[in-house]
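Visitor: I'd like to learn how to read a model like this one. Can you walk me through it?

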Amino acid sequence: MTARQAGFISAVLDPERPVPPGLVNKSRQATGRFSVYRNNVVVGLIEALESSFPVIRKLLGDEFFMAMAGVFVRRFPPTSPVLSHFGKDMPEFLLSFPPVAHLPYLPDVARLEQLVRESYHEADAKPVSAEFIASLPPEKLSQTQLLMAPSIRLLRSDHPICSIWRANAVGGPKPSYGAEDVLIARREFDPEPVVLPSGGYEILQMLLSGASLLDAFGHANAECGEVRLDETLSLLVRYGAITEIRNGAHAPVEGRQ
Amino acid sequence: MQSHPESDACELPASAGVGYKEQHFREILESPGDVAWLEIHAENYMGKGGRPIAQLRRLRENFPISCHGVGLSIGGEEDPDEHHLDRLRNLLEWLEPASFSEHLAWSTHDGKYFNDLLPLPYTEDSLARVCRHVDQVQEALGRPMLLENPSTYFGFEESTLDELEFISGISERTGCGLLLDINNVHVSSTNMLFDPADYIDSFPFDRVGEIHLGGHEEDQDPEGATLLIDNHAAAVADPVWELYARAIDIAGPLPTLIEWDNDVPDWSVLSAEAARASRVMTGQVRTS
């Protein structure tokens, strides 16, 4: 009977397939009741996507989202019982799903929602206080390494995805056009995406790879016309993104070990 | 709060508990009422941190926790997933729950997880396989587990054992305890046309560590027969309360969970259901 479950699940996911043989109720055939599982499995997975991609759902409307999610769950069923991981293929799926080809920002919005969810479940970390950072003289700060909270995520898009997210998730103003670099940070438990100022993305990329603030600034200067270092730093402080300040590679100045 | 002496798989108090929902966090701590313990779904607490873990760390200071898994696929053709067992072991290590339970069902096949409790035929082969899986889980987790009876909508022609023989057999061979879901008994008996009172009367209560009470919805199958669907989206129905009273009459008080996972009500409604279970256990109500 080892192939029983393969046949069973294929028939659950594809209503065109015949119901598996040998389903009975007492001695009567119970073929018609197989639809309980056809319904439960697909609806359950669609509901998981609804809670994971609320902004995509709002953008597409409930009915369209449900139909699209029905296609998605059959093509990319979860690979783990931890459903917070479910939907990682959504951005790729949206890229190749013809009915949404006219909405080019959609895959990046899905990416953003996925990073928000990752951030939500990430490890906790205590941020360095704003007062402490303000107390460091600029020449000292530039030599240090700023360690970032594990819940930090970065996303660069050709589309105003952060504004789109905010307009739909927290009632932000109507988004305008243009590319946005996005920082996702979690002050306590609720991750929030914010738009990074010019050069902020390049600085953060370097900081996350362990570079000193000075090197990060140098890299950003080489890459962008304008680097708003002060604005980037105050954003990081405001969102509790910095968890430790290190002198060079060793000796923590403050923060967790 | 004494624990039920009859199963070493469960150290929950013989009183009422509820399934934990995030929206009830404050009220549970401020006005628990008759709610003496909480049940969580293991798979929702496998992240590294954030609100879910912080809330659970806080709740476990006040309440015994029952950790209820939905993803081990114990009834599957394949062995339980090693990675998932690792995640569970890590969770149980810090959570130190009063019990760990899972389902007689499958949910994973060929590396894909289907987020539902799918049925299996009851044969000597499948009994041997489920026992092997329970052994593997108990060994990996270093503790005995409770196994829950399913809701059934149809049977399999190849089945040669009935559900009670099957479940009792697993418990005897593996030493696991049992979780008796009385709503599932009512749902299955209506769908499969057997007498639920007989089922309760014959259940091996010496192995039972926990009881579940939940809601269901009524539907019809294409032939026009009543079909009850286990959906945990409503109050416990009267016939289920009657079967529960029958079970408590036989076995005495047992850790009893109100399971309400969808269309979750306000705390006052949920805690009132728990209070009703308490009254049944203390003999203040006779439902039948």
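Visitor: What distance separates the centres of domain 1 and domain 2 of chain A, taken over C-alpha atoms?

Guide: The centres of domain 1 of chain A and domain 2 of chain A lie 38 Å apart. The contact takes 5 residues from domain 1 of chain A and 4 residues from domain 2 of chain A; two residues are in contact if their C-beta atoms, placed from the backbone, lie within 7 Å. As for bounds, the assignment for chain A gives 4–103 for domain 1 and 120–255 for domain 2, and such bounds come from an automatic or database domain assignment.

Guide: Before we go on, this is a predicted model, where local features need pLDDT of at least 70, side-chain atom pairs count only at pLDDT 80 or more, and totals for chains, interfaces and linings use all residues. Residues are numbered from 1 along each chain as its sequence is written, with chains lettered from A and ligands numbered from 1 in the order in which they are written.

Visitor: What is the strand order in the open sheet of 3 strands?

Guide: Strands are DSSP runs (E, at least two residues), numbered from the N terminus, and two of them pair if DSSP finds at least two bridges between them. Here the order is S2(A)-S1(A)-S8(B), paired antiparallel. The edges are S2 (28–29) of chain A and S8 (155–156) of chain B, each pairing on one side only. Between S1 (residues 23–25) of chain A and S8(B) there are 2 bridges, and A:Leu23 partners B:Phe156.

Visitor: Which strands form a hairpin?

Guide: S11(B) and S12(B) do, with 5 residues between them. In that turn, B:Gly224 has a positive phi of about 90°. The two strands run antiparallel, joined by 5 bridges, and B:His216 has B:Asp230 as its bridge partner.

Key
Helix = DSSP H or I, 4+ residues; strand = E, 2+ residues; numbered from the N terminus.
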